[in-house]
Amino acid sequence: MLDPLPTWLAKGCSAELILLITNIVNTSMSTGTVPDSFKVAHVTPVLKKTSLDRNCLKNYRPISNLSFVSKVLEKTVLSRLMDYLTQENLLEPYQSAYKSGHSTETALNAVHNFITSKLDEDCFVLLVLLDLSSAFDTVNHSILLKDCSQITGVPQGSVLGPVLFSLYLAELSDIIRHHGVHFHHYADDTQLLLAFDKDDVPNAFHKMETCISAVNTWLTTNQLKLNCDKTEFIVFRSRFSEVTPNFPPLTVGKDSINISSTVRNLGAYFDQTMSLENHVTNLCRSANWQLRKISLMRNYLDNKTCEILVHAFVTSKLDFLNSLLFGLPDSTIKKLQKIQNTAARIVKRKGRKCRTTPLLKELHWLPISYRIQYKILLLTFCAHHLERPVYLSQLLLPYTPTRTLRSSNKLFLTVPKPGLKNYGYRSFQYSGSYLWNKLPDHIRTCYKLSTFKSLLKTHFFTCSFKHGRESRTVKHFHFTDWGDMKIPEFLDPILDFLKIVRNNTSQKKVPNTIVHCSAGVGRTGTYITLDAMLDMAQAEGKVNVYKFVTEMRQRRAQSVQVKEQYQFIFDTLVKNFCIGRTTMTVKSFGMALASLKRTNGETGETYLTEQFKILLKLTSDTPYLLDKLLMHFLAHSALNSRKKLTPTIYVYRNLPRAAGLASSVWPDQVHWPGHSFPVTCTAKSK
């Protein structure tokens with residue numbers, strides 16, 4: 001038996017045992033010896049993967065269970081050793097295992113950032129995943145002691161073992177650097193990365209093979225062995241790459257390794273285009289399997305226990321390495337959101353058709369997209385304020401304005417300008433800086449990690465469920481017969497379109513309406529002007545096209561882009577105010593025709609006859625309204641320059657209907673016949 005007392009009992013009697021344990025630890029450290037009883041361990045073989053053959057001994061990992069007091073001794077030594085290594089800057093910065101502030105997620109963010117940044121530059125990236133055979137079990141003590149001054153194996157399960165192994169591999173990092181290859185360590189897992197152009201494939205593979213050969217030689221010299229059967233390599237390329245070269249096998253010693261289409265890297269699945277589709281698919285499959293198991297026992301669980309199980313077996317999977325998912329398509333993120341929605345329904349005992357937004361709010365669960373941002377910002381906080389890990393801190397550059405600004409003390413970061421949304425925008429260097437700068441000032445300037453976490457979650461929770469937002473309906477109106485830099489062929493369709501849109505926005509009190517065309521100036525400005533003039537006519541009984549377009553152009557350059565569009569505004573207003581809508585639907589045609597056949601009491605003629613007489617007065621020689629208006633203002637240009645006159649169209653609703661075209665009053669007045677009332681165009685001084 002390793003411990004005479006159970007650990008829980010020893011902790012409960014800590015006041016009585018503290019002096020004894022302190023004496024044992026001090027004596028061991030002062031004499032440089034470890035009691036023999038502390039070196040005894042119960043070794044438990046653990047299968048590395050459940051899918052491996054249980055009858056093959058090499059598929060097991062030996063885990064050592066040491067005594068309670070021996071671990072106290074090791075932790076004391078570890079604390080002092082780490083203080084010394086940190087103070088003297090002896091720790092390898094690209095080793096992420098067993099170090100505070102480091103994890104597989106920080107390591108993969110560094111690797112992911114390197115790959116996506118290089119793909120953004122249209123380069124290829126070669127990644128080699130080296131695997132060591134029984135690395136912890138084959139560490140030579142004399143070599144390790146020699147390295148420490150300038151142990152056959154360190155037990156897996158001990159406190160000091162991992163750190164000692166990291167020191168054992170310290171020299172390996174220098175060899176890789178010498179060959180100009182980027183790398184990253186996590187315990188005994190080593191990743192080699194090399195970026196190259198499409199025309200430099202032979203040189204890149206030769207450079208990598210030379211580096212691996214030197215690594216293999218060093219491993220052999222130091223009684224470690226490279227496992228070629230488990231060593232993999234993959235070449236990443238942009239999904240937009242037009243030419244994909246044929247990549248040869250990679251030679252490692254006497255073995256030849258073929259390229260892989262997908263590799264598993266510290267729990268993440270990387271494919272050749274870094275789409276992470278395989279990673280999300282595997283994650284969804286595993287989480288759904290766990291949800292099914294929980295749902296089968298749901299009737300036997302209370303809500304609290306069920307929620308604990310969901311967090312332990314499902315939420316933990318959704319949060320694992322989720323910082324790598326930033327910038328992925330919404331369709332990919334929705335797969336993970338469906339899993340979270342299903343988990344919420346299971347916890348709350350709701351059916352499939354139950355809406356999940358209220359459930360997530362009640363459970364106080366952030367949606368997947370905000371959980372991704374939350375993780376990235378936590379990593380950014382640690383890298384920016386705590387400067388750990390160093391390799392992520394180096395990617396975040398403080399923003400320094402060229403001159404003194406009020407934003408100088410707001411701790412902004414410099415946001416890089418990547419080229420491709422699929423790669424550069426997904427890198428940690430961009431996502432961390434971009435999301436950091438979007439934070440409110442009181443969160444960004446917080447220096448305490450626990451306070452930052454609390455404020456950040458509150459902020460995201462407010463953004464997720466602001467004003468009780470559960471859904472938002474967007475109506476899309478599309479006018480299809482209007483070419484760029486042109487005008488519609490007929491006036492009635494645009495008036496009908498305006499009526500439909502205005503009815504849908506005014507009756508339902510829509511807070512925001514967005515109008516846009518290709519460039520957002522020509523057709524957009526024309527439509528906005530027409531809509532605004534209809535509002536102005538209804539509210540004030542007059543319209544001022546020139547003034548409105550002038551003010552709009554001051555805010556949005558080139559609004560109402562060409563002369564034809566400016567002319568079209570006046571023609572449409574004349575059509576609306578003077579002539580009215582003459583378009584009739586098929587269903588209302590009979591009623592409209594009956595109305596036209598009625599007799600006008602003032603003239604004694606039918607409305608149909610009057611309408612035809614109007615058409616007789618309109619010939620191909622009749623100038624456009626805008627042409628007359630331009631002629632009028634050209635003739636009065638000197639007067640305009642002195643008095644700053646503004647062209648105005650006044651709408652008089654109470655005047656009698658005009659019988660015909662009174663062109664004799666031009667240029668001071670134009671009466672245009674129509675169904676409702678005339679429009680007077682004049683120049684009026686402000």
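**Exercises on a predicted model**

K48 counts as partly exposed because its relative accessibility is 33%. The structure used in these exercises is a predicted model.

**Exercise 1.** Determine where K48 is found and which patch on the surface includes this residue.

*Solution.* Step 1: K48 is located in the loop that runs between β1 (42-47) and β2 (60-65). Step 3: K48 belongs to a surface patch of positive charge, together with K49, K58, R61, K225, K230 and R264.

**Exercise 2.** State whether L276 and V560 are buried or exposed, and describe the phi of each.

*Solution.* Step 2: L276 is not a glycine, yet its phi is positive, at about 60°. The residue L276 lies in the loop between β10 (268-271) and α9 (277-296). Step 3: V560, also not a glycine, has a positive phi of about 55°, and its place is the loop between α20 (545-555) and α21 (563-579). Step 4: buried means under 20% relative accessible area. L276 is therefore buried, at 1%, and V560 is buried because its relative accessibility is 5%.

**Exercise 3.** Identify the kind of peptide bond that joins R388 and P389, and locate P389.

*Solution.* Step 1: most peptide bonds are trans. Step 2: the bond between R388 and P389 is cis, with omega about -5°. Step 3: P389 lies in the loop between α13 (368-386) and α14 (390-393).

Methods. Residues numbered from 1 in each chain as written. Predicted model: local features only at pLDDT ≥ 70, side-chain atom pairs only at ≥ 80, totals over all residues. Heavy atoms only, no water. Patch = residues over 30% accessible without salt bridge, like charges linked within 9 Å, V, L, I, M, F, W, Y side chains within 5 Å. Areas by Shrake-Rupley, 256 points an atom, 1.4 Å probe, with all protein chains shown as cover. Salt bridge = Lys/Arg side-chain N within 4 Å of Asp/Glu carboxyl O. Lys, Arg positive; Asp, Glu negative; His and termini not counted. Charge placed at Lys NZ, Arg CZ, Asp CG, Glu CD. Helix = DSSP H or I, 4+ residues; strand = E, 2+ residues; numbered from the N terminus. Buried < 20%, exposed > 50% of the residue type's maximum accessible area, 1.4 Å probe, protein only.
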